[in-house]
Amino acid sequence: MRYTKLALTMTCFIGINIYAYSFTGKIDSLFNDGIQDNLIPGGILALNIKDSISYSNYYGLSDYSKKIRTTDSTLFQIGSVGKIFTSIAVLQLVDKGLLNLDVEINHYLDDWKIHNPYDQPVTLRNLLTHSAGFNDRFIGYQACSNKDMDKLGEHLAKRMPSLFQSPGTEINYSNYSYALAGYIVAQVSGIPYEMYVKKNILFPCGMLNTTFDMPDNYEEINIYAKGYKTRETFEFVKNYPRNINPAGGILTSAKDMLSFVQELVDHQTLLSNTSYKLLFSTQFRTHKKLTGYSLGFEEQKEGELQYWVKGGNVQGALSFLIILPQLKAGVFYAVNTQTDNFSTILNRFLKSQFDVASKNDVINSDNKKTAVIPSNYEGFYRNNRHNRESIEDFFSLFLNPIHVSITPNGIVNLNMDGKSLNYEQIDERVFQSQDNSNHYLTFNMIDDELHLNLDYPFSGFTIPASFVKVPEYKSLDFINTYYPSFLIPLVLYPLILLIDFTYRLFLVLRKRISSFGKTDFHFHIPLIIFFGLFTLDILFFLVPIFKNVEGLATGMPELSGHFKYLHILMIPSLVLLVYYLLNYWKRSTTRLVFKIYTIIFILSSCFWLYFLMDWNFFLVIY
């Protein structure tokens with residue numbers, strides 16, 4: 001009997017190890033294939049399945065140009081995965097009774113306060129579930145160098161966004177919310193946020209290499225992984241220090257993240273059981289059918305299984321932290337390129353191994369509650385994560401726009417990022433994906449605007465996201481198609497001037513007129529002035545901005561700053577142009593065709609000023 005038990009134990013042990021070897025071996029193969037296929041330069045992995053697997057590894061190159069290999073100590077930027085450290089820091093202080101998740105956050109702010117025009121208070125629970133209702137500011141969240149970094153509190157005070165909706169209305173991703181939560185940790189604990197995390201999270205977990213420090217010349221130091229864009233080859237992307245570290249400023253290694261993943265699976269050191277439940281249970285959803293947020297993680301649902309993911313995406317780096325509490329398993333990996341081709345492949349494999357692969361169950365027609373789908377659902381939608389009060393309002397149009405159409409048989413079709421997704425109605429304003437029955441979308445009227453909320457697909461997982469319908473004339477398609485044509489009369493002015501000069505020269509040479517006509521050429525003066533201002537505006541204000549949109553994270557381009565008030569001079573120039581038109585309209589020597597062109601020129605000029613004002617470029621609000 002004793003030998004039978006021993007044999008069974010040995011069999012189980014061997015079986016577990018065979019499974020572990022097969023599982024980790026397949027992941028290793030996927031990483032190596034990704035490197036071979038030029039999908040990634042390199043990466044790191046940490047995997048823990050309780051009582052079965054504890055495994056970390058490193059792959060490929062941390063520096064593609066110098067061919068420096070990744071090691072178990074190479075530091076990768078993990079972006080928003082770092083928000084989990086902020087969540088844990090908050091929950092630790094909740095465990096100690098120093099913070100309350102449902103108290104107005106201004107209670108914890110001494111030097112300045114959040115301006116909230118709504119009756120509903122902003123709480124820490126709102127901050128950690130991205131439901132505070134903040135406008136999202138992008139410009140200036142990074143610094144050009146470490147010496148240029150703001151102190152956290154000073155940065156949050158001077159770059160405070162307004163609230164555009166009542167707290168607790170819906171999910172809109174917010175870096176500011178997590179930066180503010182980290183600042184509250186510092187205020188209540190009495191030590192800087194970074195020091196608090198090191199002392200209370202990193203050191204207890206044995207994460208001795210993990211750091212917030214990124215030298216200005218980090219690309220010259222071998223321990224730091226260099227980030228890349230994927231082009232024909234890998235193109236180095238310079239990253240910069242963040243003014244808001246609590247929103248994602250950590251750099252870490254494979255062996256350190258293995259310790260962290262083990263802690264999140266085993267729940268041994270950092271938090272009470274109550275707080276771990278808050279970290280791994282839904283704390284806010286925009287709608288009961290949609291996925292939501294815990295106090296840190298994005299909820300994932302596949303059938304009866306609920307699990308948790310946090311992704312991080314910064315310039316030149318992409319990472320994922322996946323925790324499956326029901327299976328007592330966790331995975332972390334990071335790669336040093338920001339494109340998600342490889343991540344989509346790896347995430348699908350991980351889901352298949354954990355038996356959470358997407359199942360396209362047939363929608364039960366008996367449970368459907370159909371209604372007439374309002375035609376106003378059709379149209380263009382923009383991501384609700386943007387700043388409505390700055391030039392960021394314009395650039396956010398390019399952030400995952402969606403076009404919604406309704407087929408004759410009542411299917412809602414979403415076209416986004418070149419992909420087409422179909423949803424079938426199951427209830428009033430609620431639709432279920434035909435591609436994955438675990439995914440939903442809803443429509444809702446909020447503050448007289450039509451909102452679309454959905455489980456937004458990303459790299460094989462989903463992110464709770466909100467979109468708002470925009471008028472067609474403000475849609476990205478309309479802007480790309482028609483805006484340039486509205487400016488054609490302005491752009492063509494040098495050609496018109498040349499034609500007019502050539503025509504008059506021809507008449508003088510043929511002796512049909514005695515001179516060029518001094519008065520008529522005076523008429524060109526306001527056109528030349530406005531066209532000159534328009535040209536300067538394009539070349540020295542807008543071009544530097546549009547050439548490096550990602551660079552706006554460190555602030556406005558210096559050249560654009562020198563010309564930011566040039567637009568104001570266009571107004572008196574336009575008034576002068578209208579005056580000249582009215583004054584010379586009755587002059588017989590001014591040809592009708594030129595008068596008509598001038599009217600069109602004025603209309604085109606008015607459109608240009610409207611564009612600058614409507615998208616906050618006029619006074620350069622950022």
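1. The model is predicted.

2. Cys144 is partly exposed, at a relative accessible area of 49%. Cys205 is buried, with a value of 11%.

3. Of the 622 residues, 53% are buried. Take the contacts between residues at least 6 apart in sequence: 67% of them join residues at least 24 apart.

4. Now the helix pair. Two packed helices are described by the angle between their axes and the distance between the axes. Helix H17 covers residues 566-584 and helix H18 covers residues 592-614. They pack at an angle of about 160 degrees, and their axes lie 11 Å apart. Angles over 145 degrees count as roughly antiparallel, so H17 and H18 are roughly antiparallel to each other. The crossing of H17 past H18 is left-handed.

5. Which residues meet between H17 and H18? From H17 come His567, Met570, Ile571, Leu574, Leu577, Val578, Leu581 and Tyr584. H18 supplies Lys595, Thr598, Ile599, Phe601, Ile602, Ser605, Cys606, Trp608, Leu609, Leu612 and Met613. By type, the residues of this contact divide into 15 nonpolar, three polar and one charged.

Key:
Residues numbered from 1 in each chain as written. Predicted model: local features only at pLDDT ≥ 70, side-chain atom pairs only at ≥ 80, totals over all residues. Heavy atoms only, no water. Buried < 20%, exposed > 50% of the residue type's maximum accessible area, 1.4 Å probe, protein only. Axes fitted to C-alpha atoms, helices over the stretch in contact; angles between N-to-C directions. Helix = DSSP H or I, 4+ residues; strand = E, 2+ residues; numbered from the N terminus. Parallel < 35°, antiparallel > 145°, perpendicular 65-115°, else oblique. Left-handed = near helix turned anticlockwise from the far one by under 90°. Contact = heavy atoms within 4.5 Å. Nonpolar A, V, L, I, M, F, W, Y, C, P; charged D, E, K, R; others polar.
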